[in-house]
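Colleague: I am new to this model and would like to go through a few of its residues. Could we look at it together?

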Amino acid sequence: GTLKIRVRSLENERALERIAEQQAITQFAALSALALNAAAAVPTLALTYALYAAAAALGAQAGAAALRVRKLDKKNAQFVQPAFQNTRPGGVDDGAIDAEAEAVVEAELLGASS
């Protein structure tokens, strides 16, 4: 047999986890709406109350899933790095050097075209 090694990045794992939670929100919300509609259509009082209770429980689960998504977003925000800025020893910022170099090249190009 052939050995296949699969590697998934952490970003993909986090994205898949978030998507799964969003699907849970959608499913619980849809089931809650279905239970509410069924409760409105059922003529017996006991079954109506049972369906209202089921709708409330499913709605609460949708809310809990939404809170889990919020928690995941906060957790993932810790791992997002701001734009990379490399400063050399002595406090020289490469970004400033790049900006100066671009200005020089642009000035040379403008001077050569005139």
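Colleague: Where is the place of Tyr49?

Modeller: Tyr49 lies in helix 2; helices are DSSP runs of H or I with at least four residues, numbered from the N terminus. The model is predicted, so local features need pLDDT of at least 70 and side-chain atom pairs count only at pLDDT 80 or more, while totals for chains, interfaces and linings use all residues. Residues are numbered from 1 along each chain as its sequence is written, and side-chain values use heavy atoms, leaving out hydrogens and water.

Colleague: Is Tyr49 buried or exposed?

Modeller: Tyr49 counts as exposed because its relative accessibility is 53%. Buried means under 20% relative accessible area, exposed over 50%, and partly exposed in between, with a 1.4 Å probe and protein chains only.

Colleague: Which residues make the nonpolar surface patch?

Modeller: Leu36, Leu45, Tyr49 and Tyr52 form that patch of about 440 Å². Helix 2, residues 45-77, contributes the most to it, with three residues.

Colleague: Changing topic, where is the place of Glu21, and is it buried or exposed?

Modeller: Glu21 is in helix 1, and it counts as buried because its relative accessibility is 18%.

Colleague: What is Glu21 in contact with, leaving aside its neighbours within four places in sequence?

Modeller: Glu21 is then in contact with Ala65, Arg68, Val69 and Leu72, where contact means heavy atoms within 4.5 Å.

Colleague: And what about Ala20?

Modeller: Ala20 belongs to helix 1, residues 10-41, and is partly exposed because its relative accessible area is 42%. Its C-alpha atom is separated by 9.4 Å from that of Val69, 49 residues apart along the chain.

Notes: Patch = residues over 30% accessible without salt bridge, like charges linked within 9 Å, V, L, I, M, F, W, Y side chains within 5 Å. Areas by Shrake-Rupley, 256 points an atom, 1.4 Å probe, with all protein chains shown as cover. Salt bridge = Lys/Arg side-chain N within 4 Å of Asp/Glu carboxyl O. Helix = DSSP H or I, 4+ residues; strand = E, 2+ residues; numbered from the N terminus.
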